[in-house]
There are 2 protein chains.
Amino acid sequence: MKEKELNNKAVILISGGLDSATCLAIAKERGFDCYALSFDYGQRHRSELQAAASLSLSMQVIDHKIIPIDMSGIGGSALTDMNIAVPEVETNGIPITYVPARNTVFLSYALGWAEVLEATTIFIGVNALDYSGYPDCRPDFIEAFQKMANLATKAGIEGHKIQIETPLIDLTKAEIIKQGIAMGLDYSKTISCYQADQDGKACGRCDSCRLRSKGFLDAGLEDPTIY
Amino acid sequence: MKEKELNNKAVILISGGLDSATCLAIAKERGFDCYALSFDYGQRHRSELQAAASLSLSMQVIDHKIIPIDMSGIGGSALTDMNIAVPEVETNGIPITYVPARNTVFLSYALGWAEVLEATTIFIGVNALDYSGYPDCRPDFIEAFQKMANLATKAGIEGHKIQIETPLIDLTKAEIIKQGIAMGLDYSKTISCYQADQDGKACGRCDSCRLRSKGFLDAGLEDPTIY
């Protein structure tokens, strides 16, 4: 029974997109007992939540929670305010699809759940190469969050630190896809599009679709996305 | 019209309790346009939300949002799990009323709203003297959150940092009460009790009641709490 005593739990933030699905596959491959966490935050692309549920099921996580938190109430993003259109051409700077403090809120909640579960690790599929330029995807943000997390929790104070893992942070989209395919991940089940319809059909034009499509092209692999 | 250009907005986290009400009064006194923020997180003491709404109204904030976020789903606290009793005697260490990562989640959300509002400041009424020993009330947690916040947001990247203000952090409960009374605050409108009934009647026995009651005693002021 000794093995049972080794707590190897991890909370995995899973949106239903390509990156977080790969992140979950990596956590599984590393032998973690996976607890998947998604948020219903009033996002335009709600079919990603169905993808998150379906991926969690097929990848046999221990539990999958979808937490409702209203972020549309504060607005300020094309993903939560239906009056702001999703851009379909590349823009300069941080795009309007940026949701203020989204990853900070998501990681904070994951931290609370990890503490209750006595999990050792949180996985988040942020990526700072082929990404939309969001501030809360960068390595120095994650590093600062880690320091804060060590001080925020009872776990941290008692010396049981919860480690934030970002296995995709330095990878290109093509490298992420290759890694996922090597682990047997079926990317047709993931939804990256910011304005996917209710059946999960992608627009092929938004920033997220463009990054994803280019990733498959660069990887020399067939793109299974339904456009 | 020059004055209009000076943005003097602040987001104030307000629970409905004594500390956050004092914090709101301080922000008003400092001349901020106040945006009050509360959370319906499945807390046992829901009458504090009515107190938060009533205080926000009487103190003429510009807006008051009550954001629903389910924290009972992750459990681990007497405040969100109805199967765990609120302790009525002093305990050692961090008490079971600690809600994992609560202030981290609340501050993260406040950060998002502050960014959308282009607010300069967030006020939180944490206090590290007469408090329950929660890790996320301590100065080094707040300092680490501030550093993380500067990296988390578009605002931070563009050089418009959002300042976290903790005007009560070094004060005793008696000093907080004296300061509030001096500003004309009516503490009968605030609810601190962890298990207040639906009419806001306090138990007089929980940790929060004991700290509050001792505060009025130490301040030599009449305690207007309804027990």
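In which hand, left-handed or right-handed, does α7(B) pass α8(B)? This crossing is described below, after the confidence of the model and the arrangement of its chains.

The structure is a predicted model, with an ipTM of 0.90 and a pTM of 0.92. The average pLDDT of chain A is 90, and 97% of the residues score at least 70. An exception in chain A is the stretch of residues 1–5, over which pLDDT stays under 50. For this stretch the model has 0 contacts beyond four places in sequence. Where pLDDT is low, the predicted coordinates should not be read in detail.

Chain A is superposed on chain B by a rotation of 180° with 0.0 Å of shift along the axis, and the RMSD is 0.0 Å. The two copies are thus related as by a two-fold rotation axis. Both copies use the same surface, since 100% of the contact residues of chain A recur in chain B.

The contact between the chains draws 37 residues from chain A and 37 residues from chain B. On the side of chain A that touches chain B, the elements giving two or more residues are β3 (63–68), α4 (102–117), α5 (139–152) and α6 (154–157) of chain A. The largest share of this side comes from α4(A), with 9 residues. By class, the residues on the side of chain A that touches chain B are 22 nonpolar, 8 polar and 7 charged.

Within chain B, the helices α7 (residues 173–182) and α8 (residues 207–219) have axes that come within 8 Å and cross at roughly 70°. An angle from 65 to 115 degrees counts as roughly perpendicular, and α7(B) and α8(B) are therefore roughly perpendicular to each other. The crossing in which α7(B) passes α8(B) is right-handed. From α7(B), the contact is made by K173(B), A174(B), I176(B), I177(B) and K178(B). From α8(B), the residues are L211(B), R212(B), K214(B), G215(B), F216(B), D218(B) and A219(B). The contact of α7(B) with α8(B) comprises 6 nonpolar, 1 polar and 5 charged residues.

In chain A, the axes of α7 (residues 173–182) and α8 (residues 207–219) likewise come within 8 Å and cross at roughly 70°. That angle makes α7(A) roughly perpendicular to α8(A). The crossing of α7(A) and α8(A) is right-handed. On α7(A), the contact involves K173(A), A174(A), I176(A), I177(A) and K178(A). Facing these on α8(A) are L211(A), R212(A), K214(A), G215(A), F216(A), D218(A) and A219(A). The residues of the contact of α7(A) with α8(A) fall into 6 nonpolar, 1 polar and 5 charged.

Helix α7(A) also takes part in a contact with α2 (residues 18–29) of chain A, and the axes of these two helices come within 10 Å and cross at roughly 45°. α2(A) and α7(A) are therefore oblique to each other. The crossing in which α2(A) passes α7(A) is left-handed. The contact is made by L18(A), D19(A), A21(A), T22(A) and A25(A) of α2(A), together with I176(A), Q179(A) and G180(A) of α7(A). The contact of α2(A) with α7(A) contains 4 nonpolar, 3 polar and 1 charged residues.

How values were computed
Residues numbered from 1 in each chain as written. Chains lettered and ligands numbered in written order. Predicted model: local features only at pLDDT ≥ 70, side-chain atom pairs only at ≥ 80, totals over all residues. Contact = placed C-beta atoms within 7 Å. Helix = DSSP H or I, 4+ residues; strand = E, 2+ residues; numbered from the N terminus. Nonpolar A, V, L, I, M, F, W, Y, C, P; charged D, E, K, R; others polar. pLDDT = per-residue confidence, 0-100. Axes fitted to C-alpha atoms, helices over the stretch in contact; angles between N-to-C directions. Parallel < 35°, antiparallel > 145°, perpendicular 65-115°, else oblique. Left-handed = near helix turned anticlockwise from the far one by under 90°. Least-squares fit on C-alpha atoms with pLDDT ≥ 70 in both.
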